[in-house]
Amino acid sequence: MKRLSKLDKKYEIYKKRRSRLIKTLPSDSAFILPSWPLTSYPGNIEGAYQPCSHLIYFTGWTEPHSCLVILSGPPSKCLLFVQKKDPEKELWTGPVYGPKKAKDLFQMDMCYPYKDFSQVAPSILKKTHSLYYTFGINPYWDFQIKNLIQNLNKKKNKSLSLQDPLPFIASLRMKKSKEEIQMIKKAVNISGGAHRAVMKYARPGLNERALYGKFLFEIRKRGAQKEAYPGIFASGPNACILHYTNNNRIIKEGEMVLVDAGAEYKHYASDITRTWPVNGCFSKIQKKLYTKLLKIQKDMIQMLKPGLSFNDIQKKLVELLSLFMKEEALLSSPLKEIINKKEYKKYFPHSFGHLLGLDVHDLTFSEKNRPNRQGLLHLEEGFVLTMEPGLYLPERDRTLNPELRGLGFRIEDDILITKTGAEVLSHGAPKEVEELEDLINSRKN
């Protein structure tokens with residue numbers, strides 16, 4: 001028996017994933033996954049390309065101007081449409097595989113130049129009854145697929161069934177393999193080290209963008225290709241802006257800093273948030289609120305285990321945070337009313353977290369629900385998710401005591417669901433009060 005090389009084993013993984021997908025598809029159906037579009041700047045300058053996570057999952061393919069077509073058969077086939085070799089263009093933008101090399105290396109049944117799709121696809125898909133494709137992602141491929149559907153409908157004299165591919169993709173991607181978990185752990189470890197470095201580097205008088213630059217330097221130094229999402233480096237009242245990305249304010253003495261940032265390693269994401277005092281010492285009120293939020297987060301992590309529904313997780317977190325807000329006199333209504341009327345959303349408007357993988361907000365799906373509406377989903381061994389309770393007390397809220405206005409807290413860890421419970425992957429980023437104060441103050445020594 002021939003032993004597979006390390007490279008062959010890598011692409012064998014993708015081949016097995018495609019086989020699992022084919023087994024879930026009805027016969028005589030076609031699954032079409034295009035690359036994501038390129039971004040560009042004025043002056044004919046291409047931006048950094050973000051590969052399609054679905055293509056990565058099923059093929060390892062990362063080039064733009066491409067499309068994967070999977071035919072369920074019988075017989076089943078996997079086809080890839082890619083860029084042609086062009087030495088003149090490659091001089092400017094770098095080498096591409098081309099159809100011949102892509103076919104052999106990525107173990108495809110056939111590869112074609114992507115510009116031949118309109119000529120080749122109708123004959124390949126003439127027996128297809130159902131087409132799985134998502135419109136609205138890549139305008140070029142939307143145009144190609146619309147023309148293909150019109151062509152096939154005309155020949156068949158009946159309408160081709162158009163289906164959503166995301167449930168099929170999500171059902172495979174949600175549960176992570178050992179190889180995927182290794183990649184995520186590496187991304188998380190890189191991020192943890194970078195968070196520590198940023199904590200030691202920060203000081204009053206620095207601009208938030210300096211912290212951002214430090215984080216980007218630290219993750220790349222540790223082997224990450226890039227950040228997994230636009231980082232949030234929010235000081236003072238900016239911590240109350242959930243997706244704050246301006247990152248352009250001078251940090252003041254005595255303020256808290258909220259950093260929500262993660263590295264990407266071999267296309268797998270991490271996502272960590274830490275909140276800490278820039279001068280290395282929590283004030284009395286900062287410490288009180290932070291300590292309570294940290295206990296809630298740790299209690300929530302403790303309850304995570306296979307079989308628990310996302311609805312139940314959110315419900316429990318809402319109960320704990322509502323009680324917190326009631327105890328601290330942030331909300332005055334009876335506890336039941338705070339929960340039932342969703343008054344807690346004034347200071348906690350988001351969910352407990354999300355799945356993590358090739359995308360920082362990874363695909364979720366429940367058979368009784370729609371993609372990305374995760375309430376009915378239940379945890380399984382191999383899921384990786386975040387747990388990120390927060391408390392946001394806007395500066396403009398005059399119902400709050402002055403000392404509370406502008407305080408924002410979020411504590412987020414990356415969690416692996418195991419057979420019996422949960423494993424925190426992001427221990428490398430400190431979150432205990434004493435750990436944070438000791439680390440930040442170590443810069444002074």
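**Helix H9 and its chain**

Modeller: In this predicted model, the buried residues of helix H9 are Glu208, Leu211, Tyr212, Phe215, Glu218 and Ile219.

Colleague: What puts these residues on the same side of H9?

Modeller: The directions from the axis to their C-beta atoms cover an arc of only 130°, and therefore they lie on the same side of H9. On the other side, Arg220 and Lys221 are exposed, a term that requires over 50% relative accessible area.

Colleague: Which elements do the buried residues of H9 pack against?

Modeller: They pack against helix H8 (178–201) and several strands, including S9 (226–227), S10 (232–235) and S14 (272–277).

Colleague: What is found at the start of H9, and what follows the helix?

Modeller: At the start, a side-chain oxygen of Asn207 comes to within 2.9 Å of the backbone nitrogen of Arg209, and the cut-off for a polar contact is 3.5 Å. After H9 comes Gly223, with a positive phi near 110°.

Colleague: The chain has 13 helices and 19 strands. Why is it called as compact as a globular protein of that length?

Modeller: The globule rule gives 22 Å for 445 residues, and the radius of gyration is 25 Å, close to that value, so the description applies.

Terms used. Residues are numbered from 1 along each chain as its sequence is written. This is a predicted model: local features need pLDDT of at least 70, side-chain atom pairs count only at pLDDT 80 or more; totals for chains, interfaces and linings use all residues. Side-chain values use heavy atoms; hydrogens and water are left out. Buried means under 20% relative accessible area, exposed over 50%, partly exposed in between (1.4 Å probe, protein chains only). Helices (H or I, at least four residues) and strands (E, at least two) are DSSP runs, numbered from the N terminus. Contact means heavy atoms within 4.5 Å. A polar contact is a pair of N or O atoms within 3.5 Å; within protein, one must be able to donate a hydrogen and the other to accept it, and residues adjacent in sequence count only if both atoms are side-chain atoms. The radius of gyration is taken over C-alpha atoms; the globule rule is 2.2 Å times the number of residues to the power 0.38.
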